[in-house]
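Visitor: I would like a close look at a single part of this model. Please keep the account plain and connected.

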Amino acid sequence: IMLKITMLQTPGIALDGAPLSLPFKRADALLYYMLVRRSATRQELISLLWESCDEATGLKNLRNTLYTLKKSLGGDVLISPQKSLVTLNPDWEIDCDYDRFTRGGDLSAYQGPLLQGFAVKHAFAFDEWMCRTRERLHEQYLARVAERARGAQEAGESDEAIHWSKVY
């Protein structure tokens, strides 16, 4: 199973090349958050996505959302190696522009703001996290572009330096 996730622009999910739409926004939000964080406690996820619910309701909502992801994606992309912990399943092949940019240094993976146009109603903690992460990524992008422009200028590659300066 090949999962392709786009997060650095308008978000999208494709499973084995076919676009996939999850049944509700909190399922998307959970997946996107886990792709960034890699692991989180159940409590953290409940506070992030169901902050207005009591703990029992939050746990039930989280279980239902994990089940929805499993059913929609045809397997456990998120696993729970310990009762209180949820992690990204290392057995899954996931191609994500976020990883290519943050872990691989691929500037072309950054096509726009994180989760552009994506919102979850009444999930203020998620919105705050998304805004902070979006700002951090944009700063990283600008710093890397400036670095490329300086490097090209120092190497005497004026066309390359001009290219990166325009991107900046």
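This is a predicted model: local features need pLDDT of at least 70, side-chain atom pairs count only at pLDDT 80 or more; totals for chains, interfaces and linings use all residues.

Which residue in S6 does serine 39 stand opposite?

Guide: Serine 39 stands opposite threonine 87 in S6. Strand S4 covers 39-41, and strand S6 covers residues 85-88. S4 and S6 are antiparallel and share three bridges.

On S6 there is a further pairing, with strand S5, residues 78-82. S5 and S6 also run antiparallel, and three bridges join them. Leucine 78 has leucine 88 in S6 as its bridge partner.

Taken together, the three strands make an open sheet with the order S4-S6-S5 and antiparallel pairing. Strands of a sheet pair through backbone hydrogen bonds, in a parallel or an antiparallel sense.

Helix H2 spans residues 42-49 and helix H3 spans residues 55-73; they pack at an angle of about 95°, with axes 9 Å apart. H2 and H3 are therefore roughly perpendicular to each other. From H2, Arg42, Gln43, Leu45 and Ile46 take part in the contact, and they meet Glu55, Gly58, Leu59, Leu62, Arg63 and Leu66 in H3. The residues of this contact comprise five nonpolar, two polar and three charged.

Technical notes
Residues are numbered from 1 along each chain as its sequence is written. Side-chain values use heavy atoms; hydrogens and water are left out. Axes are lines fitted to C-alpha atoms, for helices over the stretch in contact, and angles run from 0 to 180 degrees between N-to-C directions. Helices (H or I, at least four residues) and strands (E, at least two) are DSSP runs, numbered from the N terminus. Angles under 35 degrees count as roughly parallel, over 145 as roughly antiparallel, 65 to 115 as roughly perpendicular and the rest as oblique. Contact means heavy atoms within 4.5 Å. Ala, Val, Leu, Ile, Met, Phe, Trp, Tyr, Cys and Pro count as nonpolar, Asp, Glu, Lys and Arg as charged, and the others, Gly among them, as polar. Two strands pair if DSSP finds at least two bridges between them.
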